[in-house]
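Work through the following exercises with the structure open beside you, and try each task before you read its solution.

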Amino acid sequence: MLKKILILSGSPKKAGNTAQLVKWFRQGAKAKGAQVEVVNTAFLKYKSTGCTSCRQCQKIEKYECVINDEAKPVLAKMAFVDVIVMATPLYFYSASAQLKLIMDRMFSLYKWDNLADTMATPLSGKTFVLLASAFEDIGLDTLEKSFAITADYSGMKFQSLLVPDAGESGEIKKVKGARKKAIELGKKVA
Ligand SMILES: Cc1cc2nc3c(=O)[nH]c(=O)nc-3n(C[C@H](O)[C@H](O)[C@H](O)COP(=O)(O)O)c2cc1C
């Protein structure tokens, strides 16, 4: 079965290092025949600044965010793909705010029953991939850990590619091995 891959890219730079990482990863995945969709979360039109913690998603049956904006169908789609990829530049040792705007709304992809002490999510069984670029190799491990914990909590397999030494836009092309590793990871998860 050909894999469906959804890539959420969180850089405000349309042709920066994160975009390049996504391009290489996509190239690898497409070579294996995967169906790949890329959404740049920096350019969606939002009705809220991230998750409002309204908890309305917990009162409906569907795994959907109740906020009606351009992020809503993207979030809903996450439940129906095989692989979810999040690509981000390292911003103050964490993911970019542009990515977090949508990531926190993944709250709608879980149903918690506090009385029964249970959690259900359609994310279970999928693969979660983190692609990240940074100026230096400080904090990428912290970023990776938060994504790995999220994957583990959700029952998803986790893969990552962290690329330091990419400061200026396009500098990632000069980082030895980055292109190959990104293409290979795309092939691996496809
Ligand atoms: C707001 C901001 C915060 C950043 N914080 C860090 C940081 O904490 N550590 C780091 O190594 N690089 C940091 N950088 C550099 C970017 O992570 C790096 O240049 C990245 O490759 C940019 O990707 P892009 O071209 O897709 O925007 C920061 C850049 C910006 C604009």
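A residue counts as near a molecule if one of its heavy atoms lies within 4 Å of that molecule. The model is a predicted one, in which local features need pLDDT of at least 70 and side-chain atom pairs count only at pLDDT 80 or more, while totals for chains, interfaces and linings use all residues. Residues are numbered from 1 along each chain as its sequence is written, and side-chain values use heavy atoms, with hydrogens and water left out.

**Exercise 1.** Describe the surroundings of the ligand and its polar contacts.

*Solution.* Begin with the shell, in which 17 residues surround the ligand, the closest being Asn17, Thr18, Leu90, Ala166 and Gly167. Next, sort the shell by class, which gives 8 nonpolar, 7 polar and 2 charged residues; here Ala, Val, Leu, Ile, Met, Phe, Trp, Tyr, Cys and Pro count as nonpolar, Asp, Glu, Lys and Arg as charged, and the others, Gly among them, as polar.

Then look for polar contacts, that is, pairs of N or O atoms within 3.5 Å. A side-chain N or O atom of Ser11 is 3.0 Å from an oxygen atom of the ligand. From the backbone, an N or O atom of Leu90 lies 2.7 Å from a ligand oxygen, and one of Phe135 lies 3.1 Å from a ligand oxygen. Finally, consider the cover: on its own the ligand has 650 Å² of accessible area (Shrake-Rupley method, 1.4 Å probe), and the protein covers 77% of this area.

**Exercise 2.** In which pocket does the ligand sit, and what lines that pocket?

*Solution.* On a 1 Å grid over the protein atoms alone, a pocket is an open set of points with protein on both sides within 12 Å along at least five of seven lines, a cavity is a set where a 1.4 Å probe fits but cannot get out, and lining residues have an atom within 4 Å of a point. A molecule sits in a pocket if more than half of its atoms lie within 2 Å of the pocket's grid points, and the ligand sits in the largest pocket. Of its 19 lining residues, Pro89, Leu90, Tyr91, Phe135 and Gly167 are the closest to the centre.

**Exercise 3.** Which residues line the largest cavity?

*Solution.* The structure holds 1 cavity of 30 Å³ or more, and about 70 Å³ of space lies in the largest cavity. Its lining includes Cys51, Cys54, Cys57 and Cys65, together with Arg55 and Arg105, and by class it has 7 nonpolar, 3 polar and 2 charged residues.

Definitions and conventions: A polar contact is a pair of N or O atoms within 3.5 Å; within protein, one must be able to donate a hydrogen and the other to accept it, and residues adjacent in sequence count only if both atoms are side-chain atoms. Grid points are joined across faces, edges and corners, and a volume is the space filled by probe spheres set on the points.
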